[in-house]
Amino acid sequence: MGIDNPQSSQSAEPPRIYLVGGAVRDRLLGLPVVDRDWVVVGATQEDMVARGFEPLPGDFPVFRHPETGEEYALARRETKTGSGYHGFSVETGPDVTLEEDLARRDLTINAMAEDEQGNIIDPFNGREDLELGLLRHVTPAWVEDPVRMLRIARFAARFAPWGFRVAHGTHGLMKKMVASGELAHLQGARVRQEMEKALMTDRPWRFFQVLHACGALEQLFPVLARGLPQEAHDGDDQAAPWQVLSRAVEADAALPLRLVGILQYAVDANHPAEQLSAWLALDRSTSALLREWLDLRARLESASFRNADDWLDLLPLFRQRGEALEQLLSLSMPELAADFLPRLEMARQAAGRVRGEELRQQGWEGRALGEELRRRRKEALTSALENTT
Ligand code: ATP
Ligand code: MG
């Protein structure tokens, strides 16, 4: 380990190293452990550097192990000084105990440590909560960081197959946090990050249900919340957003499809897609997909697609993200998709047979070329539509 030389430590005891957090939890659940976080007790920052650890930039003393590249944090205790999740004062030092470090963690199942002999240190009964399937806060200080709201919802989604649910008292704290207005301090990009992790689980709707049950969804995504019943009954599975997500899981759909699949229910005239995309800091392609999907949905509601002009107006929409739009249609309106997609394919082929290049070779150019192209495509589409109806 290379950290067991007491000479350069200011404390009498040699530093102790513990595996903490998600790695301990996931191993007890029998899940593969991907990233491991470590806590070092009884060491100073100088001790760490002297042992070859590389200090990482950030608010807290965290170091990278020179060989494994894993992260080692000095044990710390946190006390709140202001609002929002940067309003903490953090103390580190050789006197901070493992129990103090575990006490600042969010959930009991995340507040266990494992020492170098493989003993589990579990002052908050995380192991019991793992067995009971309970997401429970460690201390009432839980309400001080709104990111925890997103995390608990994400864990509810991730561990839903094990039947995990929010503990009663924790649900009370969630409501308290909502009432305190603390959620206003959440950055949209952070909301998106946690939401993305939840969306890629097999029960993504649990994330939104847990946020909805305590009133947080109303603050984060008011339009989505308004369309849903507050209590999570089994019957809620019938809610359109959950159906879309469940089809997305079934189809093993990629993240952008899941994001747009749910976000389509979070916009209305007063909460436009552009505003939502900006707040969540969606990447350009995902925000374009959201915009295009909403455009397609609106056109499907207003046009019949029985005449060639409807198709000529629609086809350019499919130029860049056509495949994703088709998938979104299947996920959101499967019955309509079954009827519409074959007709779309037919229209595409009919229009595609008229090529601009050929017209150019025949001497057409500029605006006249564009008009002739549309005229001939309309002709081709009209005859294709006559043959199919
Ligand atoms: P994942 O499996 O998604 O990595 P994780 O629980 O390991 O889940 P990390 O973000 O890697 O999550 O954080 C590591 C540990 O740090 C957590 O297990 C928890 O103990 C603690 N932690 C992380 N974020 C918070 C927070 N906002 N408040 C309190 N403790 C936190
Ligand atoms: Mg982790």
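How many nonpolar, polar and charged residues does the lining of the largest pocket have? The exercises below work through this predicted model, in which local features need pLDDT of at least 70, side-chain atom pairs count only at pLDDT 80 or more, and totals for chains, interfaces and linings use all residues. Residues are numbered from 1 along each chain as its sequence is written, and side-chain values use heavy atoms, with hydrogens and water left out.

**Exercise 1. Describe the largest pocket, beginning with the classes of its lining residues.**

Step 1. The lining has 20 nonpolar, seven polar and 19 charged residues, where Ala, Val, Leu, Ile, Met, Phe, Trp, Tyr, Cys and Pro count as nonpolar, Asp, Glu, Lys and Arg as charged, and the others, Gly among them, as polar.

Step 2. The pocket has a volume of about 1,500 Å³. A pocket is an open set of points on a 1 Å grid over the protein atoms alone, where a 1.4 Å probe fits, with protein on both sides within 12 Å along at least five of seven lines, and lining residues have an atom within 4 Å of a point; the volume is the space filled by probe spheres set on the points, which are joined across faces, edges and corners.

Step 3. Of the 46 lining residues, Arg76, Arg104, Arg105, Arg151 and Arg190 lie nearest the centre of the largest pocket. The elements that give two or more residues to this lining include strand E6 (76-80), helix H5 (147-158) and helix H7 (188-199), and H5 gives the most, with six residues. Helices (H or I, at least four residues) and strands (E, at least two) are DSSP runs, numbered from the N terminus.

**Exercise 2. Work out the strand order of the open sheet and identify its edges.**

Step 1. The sheet of seven strands has the order E3-E4-E5-E2-E1-E8-E9, with mixed pairing; two strands pair if DSSP finds at least two bridges between them.

Step 2. Strand E3 (54-55) and strand E9 (120-121) stand at the edges, each with a single partner strand, so one side of each lacks a neighbour in the sheet.

Step 3. E8 (residues 113-114) pairs with E9 in the antiparallel sense over two bridges, and Glu114 stands opposite Ile120 in E9.

Notes:
Chains are lettered from A and ligands numbered from 1 in the order in which they are written.
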